[in-house]
Amino acid sequence: MSIEPVIRSAGPDDLAMIIELDATARVAVASQRGGRNWLIEHAPAKVMNSTECIDHSWVGTIDEHVVGFLRCVVVDVPQHGLVCSVDRVFVAEQARELGFGDALLQQAIEHATNLGCVAIEGNALPGDRETKNLYERAGIVARKIIVSRTLNQ
């Protein structure tokens, strides 16, 4: 028996689970190369208002239990157009390898297309092969690499 991912728009009733999954994701990110900076640049879901958490967000469910989420931000880039940027995507460990990440990302691509976006992009930390593979399966490939060095002040 296989599990078919069920994806739907996030709603107010999903906030608690999104906050919980986001906290789990942040713990995992903290130990990755580049994770400290990512955490600084991306506010935890628990401090966002409910609109920030659920606008342009989807959840993946098994029997109505939220097992993953994806949030994107749409920005108007001057002289380019609307760009949909995947801000965060996370699937609980017990629900991985079931297609939830792919299905969530496909929903974001459809959303971006419907909004008339000229591109969709996402980020993956160095060494995060799972996320990079997720993007590549959807045809989202690297267009730039950001390098950084902390300077002692």
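These legends cover close-up views of a predicted model. Local features need pLDDT of at least 70, side-chain atom pairs count only at pLDDT 80 or more, and totals for chains, interfaces and linings use all residues. Residues are numbered from 1 along each chain as its sequence is written, and side-chain values use heavy atoms, leaving out hydrogens and water.

**View A. The open sheet has five strands**. Strands (E, at least two residues) and helices (H or I, at least four) are DSSP runs, numbered from the N terminus. The strand order is β1-β2-β3-β4-β5, with mixed pairing; two strands pair if DSSP finds at least two bridges between them. β1 and β5 are the edge strands, each pairing on one side only. β4 and β5 pair in the parallel sense over three bridges. S85 stands opposite E121 in β5.

**View B. Helix α4 covers residues 100–115**. Buried residues of α4 include F100, L104 and I109; buried means under 20% relative accessible area, with a 1.4 Å probe and protein chains only. Their cover includes β1 (6–9), β3 (65–77) and α5 (129–137).

**View C. C117 sits in the loop between α4 and β5**. Just after α4, G116 takes a positive phi of about 85 degrees. C117 counts as buried because its relative accessibility is 16%. Leaving aside neighbours within four places in sequence, C117 is in contact (heavy atoms within 4.5 Å) with V74, L82, V83, C84 and A112. The C-alpha atoms of C117 and V75 are separated by 9.1 Å, at 42 residues apart along the chain.

How values were computed: Expected span 1.5 Å × (residues − 1). Buried < 20%, exposed > 50% of the residue type's maximum accessible area, 1.4 Å probe, protein only.
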